[in-house]
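Hello,

Here is the structure we spoke about. Please have it open while you read the notes below.

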Amino acid sequence: MIHFNLKKTAFILSTALLSTAVHASGYHFGTQSVNAQSTANAAAAEAADASTIFYNPAGLTKLDSSQISVNANIVLPSIHYEADSATDFTGLPVQGSQNGKITKTTVAPHIYGAYKVNDDLTVGLGVYVPFGSATEYEKDSVLRHNINKLGLTSIAVEPVAAWKLNDHHSFGAGIIAQHTSAELRKYADWGIPQKAAMLKSNPAGAAAIQADGHADVKGSDWGFGYQLAWMWGINDRARVGVNYRSKVSHTLKGDAEWAADDAMAKQLWNSNMLAPLGYTPSEKARVKIVTPESLSVHGMYKVSDKTDLFGDVTWTRHSRFNKAELVFEKEKSIANGKKSDRTTITPNWRNTYKVGLGGSYQISEPLQLRAGIAFDKSPVRNADYRMNSLPDGNRIWFSVGAKYQLGKNHVIDAAYSHIHINDTVYRTGKASGNDVDSRGASSARFKNKADILGLQYTYKFK
């Protein structure tokens, strides 16, 4: 019996996967500032408000006053899937729904504050959501034995300081404290041993066995990192900046609450047949991951008094996530009389880059229009490394927005982004049987897209 533990496996490993994904494609909210969103996140060198804390904290020295900025992003993803095949560990087809739509609206708030100590020193504090996702399949989906439901939320608290060396050069640094919480639902077929025993003698009877159980799992962890930045004002028209966000190490810990769904699964559970194999109603598990560092280079050029152009190139070291190993509290009986206390996945992610171009045009003294486009490469190499909870592909951002100045103290930003995501294919083979994993082979096709709405209010203390 190697299926009871799959749910917990998926929780920890999927959390690791998504935590790593969010710096580029995957389940990233995609933006931590509405002002930046309106240019497809190409305007880091602009340093227009306190949200520069996230994109380049050295830009704090460019602000003309102390201020506070409150942002809200609403993400509306859409994932259509169609399963081409889904089998259990014995090779029998999984019964259930073969297609569906995954939609889960998610809201992310971000708050930034900046205080100008003097002309050369500015300090600030950012509280923002760098990671966020929500994926839930139908409970009878044929892909349920992989991952049925996954939610991830991260909140970062970052104090920063920026120092103006001279009229041309500024430097910034911050300390990142990041809290990540996750929840997952994972189904498993506890009837696999019975199916395997009667498969040759009675294939129809084996296929009729239904013994699904599931677990709802939650866990959380704090991780810490840092940010370094430099901004160079070349002249009155041109400005460039460099921003580095460090890796963040996590040890994610979680607990699972188990439940039996079908009649046969309830019989196995109530008769206590699973305990001798190392499965108990609640058990702890852990996994160590490292979220990747990123390096951004960005620029700004004033074409005229009314027109600005922006550009950004961001590189992310996703190749750090090439392997994750989940360690369980108790050793389990697995296939062929073996025992194991861990499950290993090898996503073999690649390093990625994002390129963005944007611009702004001052229509009138209070009103500015903004737009941008960006290409965002997925860290997933191909269908064999893609997970059904991460049906991600290369992305193209199309963003528009507007800024409106209300007097000298109040600024309102609004933005809309449409994210085109390439159609993707997911394909996974049968589990090896060497560790605590018993999935069958499955494959599916996905059509993905997302829309983001944003609203921001900035108050300047003048």
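N348 sits in the loop between strand 15 (339-345) and strand 16 (352-362). Please keep in mind that the model is predicted. The phi angle of N348 is positive, about 55 degrees, although N348 is not a glycine. Most residues other than glycine have a negative phi. With a relative accessibility of 26%, N348 counts as partly exposed.

A40 also has a positive phi without being a glycine, in this case about 60 degrees. Its place is the loop between helix 2 (34-37) and helix 3. A40 is buried, at 0% relative accessible area.

Next, the nonpolar cores. The largest one has 15 residues, and those with the most contacts inside it are I53, F54, Y55, L60, Y112, A114 and Y128. Helix 3 (52-55), strand 3 (106-116) and strand 6 (149-164) each supply at least two residues of this core. Another core, of 14 residues, lies apart from it and includes L252, F328, I334 and I345.

What does Y55 touch, leaving aside its neighbours within four places in sequence? Its contacts are T31, Q32, S33, A36, N41, A44, Q227, N243 and H298.

I68, V70, I111, L125, V127, I155 and F461 make a nonpolar patch of about 560 Å². Strand 1 (66-86) and strand 4 (121-128) each supply at least two residues of the patch. I68 is in strand 1 and is partly exposed, with 33% relative accessibility.

Y81 is found in strand 1 as well, but Y81 is buried, with a relative accessible area of 3%. The side chain of Y81 makes a polar contact of 2.7 Å with the side chain of E138. Not counting residues up to four places away in sequence, Y81 touches S97, Q98, N99, G100, K101, I102, Y137, E138, S141, L143, R445 and F446. For a sense of scale, the C-alpha atoms of Y81 and N409 are separated by 48 Å, and these two residues are 328 apart along the chain.

On to the salt bridges. A search of the whole structure finds 14 of them.

The salt bridge between R445 and D84 has its closest N and O atoms 3.0 Å apart. R445 lies in strand 21 (residues 442-461) and D84 in strand 1, so the pair ties together parts that are 361 residues apart in sequence. Both partners are partly exposed: R445 has a relative accessible area of 38%, and D84 has 41%.

In the salt bridge between D212 and R144, the N to O distance is 2.6 Å. This pair links distant parts of the chain, with D212 in strand 8 (residues 212-233) and R144 in the loop between strand 5 (132-136) and strand 6, 68 residues apart.

D413 has a relative accessible area of 1% and is buried. K403, at 15%, is also buried, because the cut-off for that term is under 20%. Salt bridges that share partners also join E82, D84 and R445 into one network.

S417 is buried, with a relative accessible area of 0%. Its side chain makes a polar contact with the side chain of Q37, at 3.2 Å. Leaving aside neighbours within four places in sequence, S417 is in contact with Q37, W397, F398, S399, A450, D451 and I452.

That is the list as it stands.

Regards

How values were computed:
Residues are numbered from 1 along each chain as its sequence is written. This is a predicted model: local features need pLDDT of at least 70, side-chain atom pairs count only at pLDDT 80 or more; totals for chains, interfaces and linings use all residues. Side-chain values use heavy atoms; hydrogens and water are left out. A nonpolar core is a set of buried Ala, Val, Leu, Ile, Met, Phe, Trp, Tyr and Cys residues joined through side-chain atoms within 4.5 Å. Buried means under 20% relative accessible area, exposed over 50%, partly exposed in between (1.4 Å probe, protein chains only). Helices (H or I, at least four residues) and strands (E, at least two) are DSSP runs, numbered from the N terminus. Contact means heavy atoms within 4.5 Å. Patches are made of residues with over 30% relative accessible area and no salt bridge: like charges are joined within 9 Å, nonpolar side chains (Val, Leu, Ile, Met, Phe, Trp, Tyr) within 5 Å. Accessible areas come from the Shrake-Rupley method with a 1.4 Å probe; for residues, only the protein chains shown count as cover. A salt bridge is a side-chain nitrogen of Lys or Arg within 4 Å of a carboxyl oxygen of Asp or Glu. A polar contact is a pair of N or O atoms within 3.5 Å; within protein, one must be able to donate a hydrogen and the other to accept it, and residues adjacent in sequence count only if both atoms are side-chain atoms.
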